[in-house]
Structure formats: structure tokens, C-alpha cells
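This report is meant for a reader who has not seen the structure before.

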Amino acid sequence: MRRWFRRRKEEEPQPEPATPPPDAAAAGAEMEPQAAAPEEVPPTEVADAASESGVEAPDTASPAEEEPRKGLFRRFRERLSRSREALAGGLDRVFLGRREVDAEALEDLEEILITADLGMDTTLHLVHALEERLKRRELADVERLKAALGEEMLNLLQGPPPLKRTARPWVVLLVGVNGVGKTTTIAKLAHLERLQGRVPLLIAGDTFRAAAVEQLEIWGERVGAPVIKQKTGADPAAVVFDGLAAAQARGVDTVFIDTAGRLHTKVNLMEELKKIFRTAAKKLPGAPHEVLLVLDATTGQNALSQARIFHEAVGLSGIVLTKMDGTAKGGVALAVAHETGLPLRYMGLGEGLEDLRPFDAHAFVAAILGGDEVG
Ligand SMILES: Nc1nc2c(ncn2[C@@H]2O[C@H](COP(=O)(O)OP(=O)(O)OP(=O)(O)O)[C@@H](O)[C@H]2O)c(=O)[nH]1
Ligand SMILES: [Mg+2]
């Protein structure tokens, strides 16, 4: 499905509210979330400063800001240490005692990239680009190779800037299969809103699971955001309708809609999401303004088929990649960006409220390739 999404994206220039195609795939056949490989997630500490919510590439800091930003970047790198070990560590091992970069070295690199979960398409794309550079004699040594790899990765990760808010309330719908981190991500996003002085409101659109509403309420209380809910089993679209009415009445800035990750059948989930979408648009023309797909990085390449199915159903505006901490599969971020053409918006780096970072391509590449600065 190489660049299947990219073509679609080119046809639909940004910024545009995501619009669900009339006949979205009822083909939810591959939707069952495959259990993530059991990976040990290290206990996460909650970041201690509000200003730590966004990672900046280290090279943009002024001298006065340099120290805290260095600390911030160090922490970011720490969380991505297993992915860095897979990529930068793999490279170092391949080039141990080897000076020259040749075709054989690029073959070894190919293996490393596949092992780090970049997937076949993205790996070949990167390796071909490096082969061209090798032909032009631009890869004299391992350091040049690393720098070139970093540049090519950055090219893959450059997406359009975040959508400009043109409405109030600004409505964000979160979708994704069960357990990927939708509800937790909503809490983290609401927290980011609060830090920026905005007023968020949460809508409990997951009425399928009894504990789902309760979980959102607990987060809402912690963050200081009202939660609009109905009882378990209620029609999620009706909850969304009520929630948007409440958001308008209260004059909040941002609305986050939580949705279920699993229903009785897979087709139902897509139909329900489409209904939520239509209802939101009916209540508030232009809403939802953003549709974010939450993907669990530990599921690796399975994330790609999820992205495809959800994009067909509701039209996605961006991706949130969660559980990047503690996994060696962080390279999947590159596959997702390359193969979907959708912008990566946020990265989940732990279970705490502060553990969500706006996606920063420079910081990410620097963190997984082991250097301090790239590009
Ligand atoms: N380590 C880590 N854990 C995370 C992250 N994001 C979410 N989690 C954990 O993943 C688990 C599932 O998160 P939820 O937010 O309940 O996922 P969900 O998508 O809402 O799940 P359903 O409501 O069942 O569809 C929780 O234990 C979260 O703490 C992350 O970035 N890192
Ligand atoms: Mg949930």
C-alpha cells in the first residue's frame, strides 16, 4: 500500500476538515488489534515542569535556555533509548572496526532498519537514497553515513504544520483500536490545553465499556476539565451531540471526543465513528476539525493497516504514536509517516500527564540516531 495515503493527501489539499468518504470501508477484516509483543515498559516518572511539554530541537535554544532544553532533550532521548539502541547501536556494531562505507555496508544497514521496524518500503526508500549518495561518493565514512541517514529520515518526517484553529470550540475526535491509549492521550492533550491557558471539555463517546466513562472522569478531574457523559450503552452520537451543545453553552476552547476501540463487530465500529462524525458536523458545521488516530508503537507494522482502515472510514488529519517509551520499535514512526503521508502530531512517552510531546522531527531523529543534532 505504498503511498496509498500520500496520493489521497495530495488530492485533498490542507487545511481541510477531514471528511469521511460516503462509502467507507466496511472491510474491517484486519481490525483486531494484535496483541503487542509483551515488552517491558519501564516505570515512568512524571516530568516536573510545565514547560517540558514540548521538545524543541536542541539547536534552536538561546544560551539562556540551553541548559533546561538540554535536560529536556536528555529525558526525551532516555525514553527512546531502546529504539536508539536498535538503530544507532546496530549501526555502531556493524561498523565496529570497519572504515569504509560500501554496498555491503548498506546491505547491513538495510537489515538494521528492518529490525528496527521501519518496514520494507521505508527501509528500501532510505537505502536507495543512500546508494545514490554512495555513487556520488558522498559517504566517505560512518559519520557521513549517519548524517546522510538522518537527513533522509528528516525528509520522510517533514509534514505540514499543525492546522490553524479557525473555530471555537475547536473539536478533536480521537479514534483507534482498543488499548492504544486514546483516553490517556485525551487527558494529556487536555493537560496541554490547560498549560496554554485554554479551557478544554471532554466527551465520553466510549459508551461500550462500563469502566470507560469512569476512567475519563478520573482524568477529567485530575486535569480540571468537565466530562460530558451518558450511561453505558447510550448512543455515542447522542452523547457527542449533547457534549457539543454543552461546549457551546459553556464557551470552552477545545473539545476532545473519546471513542470506543472495540464494539461487538468490527464493521459497527467504523459505522459508529462515521455516525459520530456526521452528528458532530450537523451540530457544529466544520466539526470535528481534527481527527487524530492513536497508534500503539509497540504493535509495529500492524499500525499501518489500522491507519488505512480508519482513514478510509473517517478521514484522518494526523497521528498520535503512543508507548514510544520502552519499545525498540520506534522506527515504526518513519514507516507511518512515509507510508500514510499523514502528519505525526504527538508522541506518547509514558503514562503520566506530562508524557505527551508535540512531534518534533529533528529531536526525534537526533534521539534515535544517537547524536545531539541532525540537519
Ligand atoms: N508506557 C506508555 N503507556 C501508555 C502510553 N499511552 C497510554 N499508555 C497506557 O496504555 C494503556 C491503555 O490506555 P488507554 O488510554 O486506556 O487506551 P484506550 O485506547 O483508551 O483503550 P480502550 O478504551 O480500551 O479502547 C493504559 O495503561 C495507559 O496508561 C504511553 O505513551 N506510554
Ligand atoms: Mg479508552
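**Overall make-up**

The model is predicted. The protein has 375 residues, of which 49% are buried. Its secondary structure consists of 13 helices and eight strands. Taking contacts between residues at least 6 apart in sequence, 78% join residues at least 24 apart.

**The core**

In soluble globular proteins, nonpolar side chains tend to be buried together. Here the largest nonpolar core contains 107 residues. L173, L202, V255, L295, L321 and V336 have the most contacts inside this core. For L295, residues up to four places away in sequence are left aside; beyond these, L295 touches G176, V180, A303, Q306, A307, I319, L321 and V336. Two of these partners, L321 and V336, are also listed with L295 among the core residues with the most contacts.

| Element | Residues | Detail |
|---|---|---|
| β6 | 318-322 | three bridges to β7, parallel |
| α12 | 332-340 | nine of nine residues buried |
| β7 | 344-348 | five of five residues buried |
| β8 | 356-358 | three bridges to β7, antiparallel |

β7 pairs with β6 in the parallel sense. From β6 the chain passes through α12 to β7, in a right-handed β-α-β crossover. With β8, β7 pairs in the antiparallel sense.

Which residue of β7 is the bridge partner of V320? The partner is Y346. Y346 also stands opposite P358 in β8.

Helix α12 is mostly covered. Its buried residues are V332, A333, L334, A335, V336, A337, H338, E339 and T340, and V336 is one of the core residues with the most contacts. An α-helix has 3.6 residues a turn, so residues three or four places apart point the same way. In α12, however, burial takes in nine of the nine residues. Just after the helix, G341 has a positive phi of about 70°. Strand β7 is likewise mostly covered.

**The shell around ligand 1**

How many residues lie around ligand 1? There are 21, and G181, T183, T184, G261 and G348 come nearest. By class, the shell is made up of four nonpolar, 11 polar and six charged residues. Helix α7, residues 182-195, gives the most to the shell, with three residues.

Conventions: Residues are numbered from 1 along each chain as its sequence is written. Chains are lettered from A and ligands numbered from 1 in the order in which they are written. This is a predicted model: local features need pLDDT of at least 70, side-chain atom pairs count only at pLDDT 80 or more; totals for chains, interfaces and linings use all residues. A residue is buried if 20 or more other C-beta atoms lie within 10 Å of its own, exposed if 12 or fewer, and partly exposed in between; C-beta atoms are placed from the backbone. Helices (H or I, at least four residues) and strands (E, at least two) are DSSP runs, numbered from the N terminus. A nonpolar core is a set of buried Ala, Val, Leu, Ile, Met, Phe, Trp, Tyr and Cys residues joined through C-beta atoms within 7 Å. Two residues are in contact if their C-beta atoms, placed from the backbone, lie within 7 Å. A residue is near a molecule or strand if its C-beta atom, placed from the backbone, lies within 6 Å of it. Ala, Val, Leu, Ile, Met, Phe, Trp, Tyr, Cys and Pro count as nonpolar, Asp, Glu, Lys and Arg as charged, and the others, Gly among them, as polar. Two strands pair if DSSP finds at least two bridges between them. A crossover is right-handed if, with the strands pointing away from the viewer, the path from the first strand over the helix to the second runs clockwise.
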